[in-house]
Amino acid sequence: MADTINMPKQKVIALVDCDSFFVSCEQKRNPALKNKPVCVLSNPNGCVISRAKEAKLMGVRMGEPYFMAKKEHPNAIYVVADHEYYSKVSNQVMTILKDFSPYVEIYSVDEAFVDFTGLTRLYKKNYYKLAEFLRQKILKEADIPVSIGVSTSKTLSKLASDKSKNIESHIFLIGKRKLQKVLPSTKIEEIWGIGRRLELRMKKSGILSAYDLVQKTDNWLDKTVGINGIEMRHELLGEMVSTVKNESTIPKSIQNTKAFSEFTSDFNYIKSELNRHIHTSCRKLRSYNTKCRQIGVMLRTKDFKVFYTKKDLLSPVDFELEISKIAIELLKEIYDPNTIYRATGVVLEKIGEEGTEQLSLYAQESKNIKQENLAKCFDNLEKKFKKNILKIGFK
């Protein structure tokens, strides 16, 4: 059997999830859009990636192409996504959470786990009132509505958060009593962390609900599913396996891709868009004080075929001008002037901490210092003014 799982002392965890985040950001920026059927598009000719509840009731589908949505639902309001602005609003929400609790783990741009343990004494409120207070605080200070799920493990708080979206208060708590009702009514595919393959494997073994899963023994799960199944079982029983971690984890890869405003085969336009993604990716690399050892370039055609190539590096890099030289050569390998494209992107992988690389015998230390100083200059300018204030020219 797998090693024994060490479970910490029981805590109370909340998952705070922003409601229709991209739409909420647009309504924050333009209050006239509130209570309107707003839809956010991936790009001017792209797909619907976020919907207001009014748009959902109207029948607009997630992922629906704009030309179809506009034809079927002409009264909906369509707005093109502004991810730079959404990131700014996300930081505002996360700052509020960090001021509220000493332990916050950012899960995504619109979700975060918050440790509520001990806060009932500090704020003199029970857990429900605590969640209610936090929800109103975020709405008042950031003008973003959120749903909050509270329980004794991350898996259960995620499940509670999903359920909170369907009730008027937008707050759902799962305690010991409610757990007896929730587990049998929760389908196996609704559990956080269960992918398609694991779902099929469990269903073949007769596990159709969360209740079926917790009825299995650790020995059986170890042989059938592995350690992940054991951890999932304990989390569903309210026994926290994964704690809320404050530290930001260095990502395994950084990817930036976006559809063009219109289909094109213009190499210079595609190169320009790729370089914009490279700059964004390098800025993120440096924010983690890290570098990458592998660069990948992607091209997606008008009919959604994807071409991808990558290259390993002898020494890790984080500077856009260096990465661009390699990326453009990779782009040339997969580019066909007779093909019409809809998107390009860059993928930076094999990421490690800065300073771990072995310098080449012929490496020019002065050149590296100049690059680092120039990169810091880029980042400082964008911190002071705004992202993408610099338009960097590439050959």
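Let's start at Cys47, which sits in the loop between strand 2 (38–41) and strand 3 (48–51). Keep in mind that you're looking at a predicted model. Cys47 is partly exposed, because its relative accessibility comes to 27%. Now look across to Pro65: along the chain it is 18 residues from Cys47, yet the two C-alpha atoms are 4.2 Å apart in space. Cys47 also touches several other residues, including Val40, Leu41, Gly63 and Glu64.

Glu64 makes a handy next stop. Glu64 forms a salt bridge with Arg61, with 3.3 Å between the closest N and O atoms. Glu64 is buried, at 2% relative accessible area, while Arg61 is partly exposed at 41%.

How many salt bridges are there? The count comes to 22. One of them pairs Lys158 with Asp162, at 3.4 Å between the closest N and O atoms. Both residues lie in helix 7 (residues 154–164), about one turn apart. Another links Lys350 to Asp312, at 3.2 Å. Lys350 belongs to strand 12 and Asp312 to strand 11, so this pair ties together parts that are 38 residues apart in sequence.

Finally, check out the second largest pocket, with a volume of about 840 Å³. Its lining has 29 residues, and Asp19, Ser20, Ser24, Lys53 and Pro145 lie nearest the centre. Helix 1 gives the largest share of that lining, 6 residues. By class, the lining has 12 charged, 10 nonpolar and 7 polar residues.

Terms used: Residues numbered from 1 in each chain as written. Predicted model: local features only at pLDDT ≥ 70, side-chain atom pairs only at ≥ 80, totals over all residues. Heavy atoms only, no water. Helix = DSSP H or I, 4+ residues; strand = E, 2+ residues; numbered from the N terminus. Buried < 20%, exposed > 50% of the residue type's maximum accessible area, 1.4 Å probe, protein only. Contact = heavy atoms within 4.5 Å. 1 Å grid on protein atoms, 1.4 Å probe; cavity = no way out; pocket = protein on both sides within 12 Å on 5 of 7 lines; lining within 4 Å. Points joined across faces, edges and corners; volume = space filled by probe spheres on them. Nonpolar A, V, L, I, M, F, W, Y, C, P; charged D, E, K, R; others polar. Salt bridge = Lys/Arg side-chain N within 4 Å of Asp/Glu carboxyl O. Lists of a residue's contacts leave out its neighbours within four places in sequence.
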